[in-house]
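Thanks for coming. Please have the sequence and the coordinates open.

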Amino acid sequence: MTRNFSCIYTIQHTLADVPFGVLHRVRRNFDDKLLCARELEYADTCTSHYKMLKLDVDLLQKFKHGRVARVLEVIHEESAGVYYVVQEDATDKYLLEMLQAAKTGHPPSEEMVWGYVAQLAEVLSAMHSTSYRVDEEGSVPRILVHGSLMTDIVHTDPGDLRTIKLQTLGVGREVALGWNLIDTRCSKSYVAPEIYKQAMDCSTLPDLAYPILTPECDMWALGALIYELCTGTPLVKQKTKDYPAVLETIHRPLILSGYGKALADLVNSLLDLDPTKRPSASQVLVLPSAQEALRKLPDK
């Protein structure tokens, strides 16, 4: 028997836009448990869009990691042209509250920050070691890149605020479809400068179809997230017009007042304008401070 979403779940409210659709907080009717559900409509989309959407659903089901919100079930209502991806509720806003506290001069402890660094490096390392194909045959394997790492989709566990989870696998497949990463979901600070330059080139050079996301782009975003968490301010203001030029004028090395040299050195290396000089997620993961932070966390 085909499962009907509205018979099993009741939408409480819409939380955010996510790749290919929207994210709802829902209540499961038989036990009142709160969960999240991504509503992904495809009835009026083209074939290529549907292919990418289906790929996103498949990846969500297959890519299992303790730092990514777990998929509980997928309901496909074919007649309505919609997928519902039901996930565990990982939408606690504590990280955003920490950002607000940092803005008022009360940043998180260094131990807390290193714990977040280690967990994000752990999941990014797993993603960057995963490849997928847009088509089952003939297509070149692509590395799974998040492409949209920012505070909005990083959530803490209400039971243990040291533990975090990602709500989505990012927008990497959307960008491959030709969607503009700059104008959709990312704060400018989280977009690597090479992607911004490519996006600008795409508008003037006909041979460039879309920006190419790489693991190095995710590492820039990780650096931007850590910087904002420690200082309470984004690396670059959202309304900045000439983003690459502003990045060139930022005084370096960046200073993280109240934090140790190892963390400041990491942030500076992640925010290197040259993507080839940024450390990989695997390299961040083996740093002594990251390893120590992981040892103090509960098992996934």
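How many of the 8 residues of strand β2 (residues 21-28) are buried? Before I answer, some conventions. This is a predicted model, where local features need pLDDT of at least 70 and side-chain atom pairs count only at pLDDT 80 or more, while totals for chains, interfaces and linings use all residues. Residues are numbered from 1 along each chain as its sequence is written, and side-chain values use heavy atoms, with hydrogens and water left out.

Buried means under 20% relative accessible area, exposed means over 50%, and partly exposed is in between, with a 1.4 Å probe and protein chains only.

Now the answer. In β2, 6 of the 8 residues are buried, so the strand is largely enclosed by the rest of the structure.

On to the sheet that holds β2. The sheet is open, has 5 strands in the order β1-β2-β3-β5-β4, and its pairing is antiparallel. Two strands pair if DSSP finds at least two bridges between them. The edges are β1 (9-18) and β4 (71-77); each has a single partner strand, so one side of each is left without a neighbour in the sheet. From one strand to the next, the twist averages 25 degrees.

Going across the sheet, β1 and β2 run antiparallel and are joined by 8 bridges. Within that pair, Leu-23 in β2 has Ala-16 opposite. The β2 and β3 strands form a hairpin with 5 residues between them, and Asp-32 in the turn has a positive phi of about 65 degrees. Next, β3 (residues 34-41) and β5 (residues 82-87) are also an antiparallel pair, over 6 bridges. There, Tyr-83 in β5 is the bridge partner of Leu-40.

For scale, the protein chain comes to 11 helices and 9 strands. Buried residues are 51% of its 300 residues. Contact means heavy atoms within 4.5 Å. Of the contacts in the chain with a separation of 6 or more, 63% are between residues 24 or more positions apart.

Now the helices. Two packed helices are described by the angle between their axes and the distance between the axes. Axes are lines fitted to C-alpha atoms, for helices over the stretch in contact, and angles run from 0 to 180 degrees between N-to-C directions. Angles under 35 degrees count as roughly parallel, over 145 as roughly antiparallel, 65 to 115 as roughly perpendicular, and the rest as oblique.

Take α4 (residues 110-128) with α9 (residues 261-270): the angle is about 40 degrees and the axes are 11 Å apart. The two are therefore oblique to each other. The crossing of α4 and α9 is left-handed, that is, the near helix is turned anticlockwise from the far one by less than a right angle; clockwise would be right-handed. On the α4 side the contact is made by Glu-110, Val-113, Trp-114 and Val-117, and on the α9 side by Ala-262, Leu-263 and Leu-266. By class, that contact has 6 nonpolar, no polar and 1 charged residues. The classes are: Ala, Val, Leu, Ile, Met, Phe, Trp, Tyr, Cys and Pro nonpolar; Asp, Glu, Lys and Arg charged; the others, Gly among them, polar.

Which residues of α9 are buried? They are Leu-263, Ala-264, Leu-266, Val-267, Asn-268 and Leu-270. What covers them includes α4, α7 (215-231) and α10 (281-285).

Then α4 with α7: about 165 degrees, axes 11 Å apart. That makes α4 roughly antiparallel to α7, and this crossing is right-handed. Residues in the contact include Tyr-116, Leu-120 and Leu-124 of α4, and Met-219, Leu-222 and Ile-226 of α7. The contact divides into 12 nonpolar, 1 polar and 1 charged residues.

Gln-119 is in helix α4 and is buried, at 1% relative accessible area. Leaving aside neighbours within four places in sequence, Gln-119 contacts Arg-67, Arg-162, Thr-163, Ile-164, Leu-294 and Leu-297. Leu-213 lies in the loop between α6 (193-202) and α7, and counts as buried at 16% relative accessibility. Leu-213 and His-146 are 67 residues apart in sequence, and their C-alpha atoms are 8.6 Å apart in space.

Key:
Helix = DSSP H or I, 4+ residues; strand = E, 2+ residues; numbered from the N terminus.
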